[in-house]
Amino acid sequence: MFRENFPISMPRFTRTGFNVLVTFGLAVINSGCGEAPQAKFKYRPTTEDLIPEANKAVVKTLTEDFGTPEKLVAWERFPVDYGGVKGTVAANDGPAGAFSVTLDGDAGKIAKGASLLWVTGSQAGGKSAEATVKSFNAVTKTLQLASASTAPVAGDRFIVAFGEDMQLGRVVYMKNCMHCHGVTGDGDGPTGKFLNPRPRDYRNGKFKFTSTQSQEKATRDDLHRIVQYGIPGTYMPSFLLLGKRETTAVVEYVRWLAIRGEFEKRFVEELTNDYSESVIVDSIKKAQASYEEKKRNKEEAEKPLSESKAKKEAAAAFKKYVDDKELDGAIEETANLLAAAWTQSETPEVSVVPTSQRVEDTPESRERGRLLYMSNTTKCYTCHGPTGRGDGAATEDFWDKPGTSVKFEKRGLHDEWGNPLKPRNLTLGQYRGGRRPLDLFRRIRAGIKGTPMPAFGETVLKDPQVWDVVNYVMSLPYQQKQPTAVKHPAEVVAKNEEKPAN
Amino acid sequence: MHWWFPGDGNAYSTLGGKIDDLFYLILVIVSVTFVGTSAALGYALWRGAAIKADEKVWFSHGSHSLEVIWTIVPSAVLLFIALYQLDVWAEYRMKGFAKEKDGSPKIITVVAEVTARQFEWRIRYPANGKPLKPTPQPDDIYSVNELHVPTGGLVSITLRTDDVQHAFFVPMLRVKQDAVPGKMIPVWFDATMPGNYEMLCAELCGWGHYKMKAMLVAQSADDFEAWKDKASAEQFDDGYRKPAE
């Protein structure tokens with residue numbers, strides 16, 4: 001933080017005076033406002049819609065496995081770095097409760113009273129009461145525990161102050177991010193609703209600007225970049241001076257929030273069809289309608305269940321679902337899926353890397369790019385417009401909500417979160433996901449997650465062709481005049497077909 | 001005696017020292033005035049309390065000579081301050097436009113266009129060896145929340161804002177200038193020492209005003225050019241790495 005760069009050199013007495021003033025001021029302010037409201041994780045509307053029994057089970061799972069903002073729970077199955085100093089017992093040769101260790105991280109950080117958790121060895125897995133560090137000698141690397149329990153063996157792994165990075169991440173998040181992104185990471189913080197574009201809702205587990213293939217999660221580096229440099233053209237500012245440790249911690253916390261949110265989403269999706277109140281009410285309504293229809297036609301029909309009876313039946317079915325361990329199975333399955341997805345995103349195989357150098361930025365390359373842009377293989381112009389101003393014909397249409405035949409109320413494209421979305425105006429020179437040619441390459445190759453911007457795979461565009469489009473797009477902000485009048489797409493397609501780009 | 005100034009108390013720009021001198025001058029004038037008027041007030045209270053019941057009092061209200069004195073004296077002091085600071089003000093806001101004494105144009109390096117927005121600073125530099133153009137150029141270099149400037153000479157930035165009013169403030173260089181929507185304001189300053197200086201927004205610009213802290217990195221001209229080359233290489237990275245053979 002700033003203190004590192006700008007040491008404060010005020011004399012001692014002034015600082016004390018200042019502190020007293022601040023403390024007094026805070027006391028006055030606090031007495032005026034009462035206590036701050038407790039931070040709470042919100043649940044999805046679909047969770048709230050479950051029958052009470054199912055809702056209780058979901059809330060219990062989320063609270064036990066993820067905790068509350070005040071008391072976080074580290075679920076170690078997920079690839080989240082919760083923090084702490086890890087180390088190995090080098091030799092257990094000292095007096096009782098003392099042993100020499102080798103630490104993985106910074107040795108200076110072990111403080112007196114920090115908790116110690118055994119990862120391997122005879123005491124791992126909660127067999128011993130939680131140990132506390134009595135003292136640590138950084139020179140001899142000797143760790144003294146407060147109570148001498150079963151003696152550890154050389155090679156046993158342990159973690160001191162487990163979860164401290166997560167706690168730091170939470171503090172940084174609450175200070176800087178919560179205001180827009182909300183405590184739960186649902187993009188519904190106090191200022192969130194006034195912003196356009198809306199802040200990201202992490203709970204789909206999707207981030208727009210990533211370096212990975214279209215179906216993969218974001219990497220830590222992607223999120224790090226966004227926190228550091230912000231997203232121009234949106235309200236996400238740059239947090240360049242946050243400090244390396246703080247940034248890393250807040251990225252871990254955001255990943256954890258995304259995992260928590262997506263866990264809730266997927267888990268509830270498993271239950272919604274059978275145990276959601278609105279689904280039950282809807283089905284009864286339908287049954288009632290068909291019953292009346294049949295009665296009018298003098299056909300034989302069974303009277304549908306009453307609402308309370310149907311709910312009781314659903315509750316009984318849910319109890320069976322729990323007893324048959326199917327609920328546990330659903331939890332397992334969701335957790336496995338998410339753990340695998342977030343682990344995979346960090347592997348180099350899923351990273352989008354060009355296999356060829358950027359094609360030299362010549363007028364010919366730009367022309368090839370322009371023809372591809374206007375062609376029906378890419379259809380860039382339908383959204384981004386023939387002149388790249390983001391005013392293509394698609395922005396005038398009414399589109400279906402995904403998975404339904406209901407239209408959005410507003411004209412134009414929408415993202416996965418249901419917010420109206422304008423195709424980027426490419427003539428502004430403003431690039432949300434970064435302005436490196438590599439960033440533009442990735443946007444075209446892997447698309448933008450959660451938006452109608454598709455991924456153009458190898459079969460559609462070869463790498464040099466992508467570079468041609470990148471060169472054309474990057475030249476758009478600097479065009480003085482359109483060299484030729486905009487041609488009708490059909491004409492362009494004809495031209496493109498007679499002159500293959502490769 | 002510098003502890004009330006930001007950082008270690010020293011001004012790291014040529015003009016900054018003069019601004020500090022002005023500060024001390026005004027501090028002295030104000031202190032003398034404050035102590036003097038307090039003493040006079042105290043005397044009047046003491047003298048008034050000591051008047052005996054049968055003694056005739058002197059009403060000063062409406063005294064022409066007193067009115068003249070306390071009009072003329074503060075006016076003279078204010079006029080003195082106004083004239084005395086003219087040179088510093090001219091150097092801060094006007095001399096950059098003027099020519100040198102021998103008639104040659106002033107050499108001010110225009111380093112960057114600094115655009116304030118809620119709640120960050122976006123900065124655009126011309127490529128090495130090129131002048132800053134008012135509109136973006138294909139080879140411009142961009143940074144955010146980190147303004148790099150060379151030391152050892154006057155540098156200038158073009159200050160703009162994307163949305164509301166902001167103010168460009170570098171306390172340790174004693175530079176402050178409002179950014180006004182629709183205006184491109186030249187701000188010039190120099191940094192005498194290489195180093196990192198806090199750069200802030202000094203105009204309440206919205207709920208995230210506190211987030212608008214950035215860093216001004218002053219470095220030698222060579223380092224500055226090297227940094228620009230490095231930033232340019234990073235910005236035009238195509239991500240292609242030759243596979244190891």
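Among contacts in chain A between residues at least 6 apart in sequence, what percentage join residues at least 24 apart? In this predicted model, the share is 65%.

Figure 1. Chain A contains 16 helices and six strands. The 65% given above refers to contacts that join residues at least 24 apart, taken among those between residues at least 6 apart in sequence.

**Figure 2. Interior and surface of chain A.** The chain has 502 residues, and 44% of them count as buried. Chain A exposes about 26,900 Å².

**Figure 3. Order of the elements in chain B.** Chain B has four helices and 10 strands. Read from the N terminus, the elements run α-α-α-β-β-β-β-β-β-β-β-β-β-α. Among contacts between residues at least 6 apart in sequence, 62% join residues at least 24 apart in this chain.

**Figure 4. Interior and surface of chain B.** Of the 245 residues in chain B, 36% are buried. The chain exposes about 14,400 Å², and carbon and sulfur atoms supply 65% of that area.

**Figure 5. A nonpolar surface patch on chain B.** B:Trp3, B:Trp4, B:Phe23 and B:Leu27 together make a nonpolar patch of about 360 Å². One of these residues, B:Trp4, is located in the segment before helix H1 (14–49) of chain B. B:Trp4 counts as partly exposed because its relative accessibility is 34%, a value that falls between the limits of under 20% for buried and over 50% for exposed.

Terms used. Residues are numbered from 1 along each chain as its sequence is written. Chains are lettered from A and ligands numbered from 1 in the order in which they are written. This is a predicted model: local features need pLDDT of at least 70, side-chain atom pairs count only at pLDDT 80 or more; totals for chains, interfaces and linings use all residues. Side-chain values use heavy atoms; hydrogens and water are left out. Helices (H or I, at least four residues) and strands (E, at least two) are DSSP runs, numbered from the N terminus. Buried means under 20% relative accessible area, exposed over 50%, partly exposed in between (1.4 Å probe, protein chains only). Contact means heavy atoms within 4.5 Å. Accessible areas come from the Shrake-Rupley method with a 1.4 Å probe; for residues, only the protein chains shown count as cover. Patches are made of residues with over 30% relative accessible area and no salt bridge: like charges are joined within 9 Å, nonpolar side chains (Val, Leu, Ile, Met, Phe, Trp, Tyr) within 5 Å. A salt bridge is a side-chain nitrogen of Lys or Arg within 4 Å of a carboxyl oxygen of Asp or Glu.
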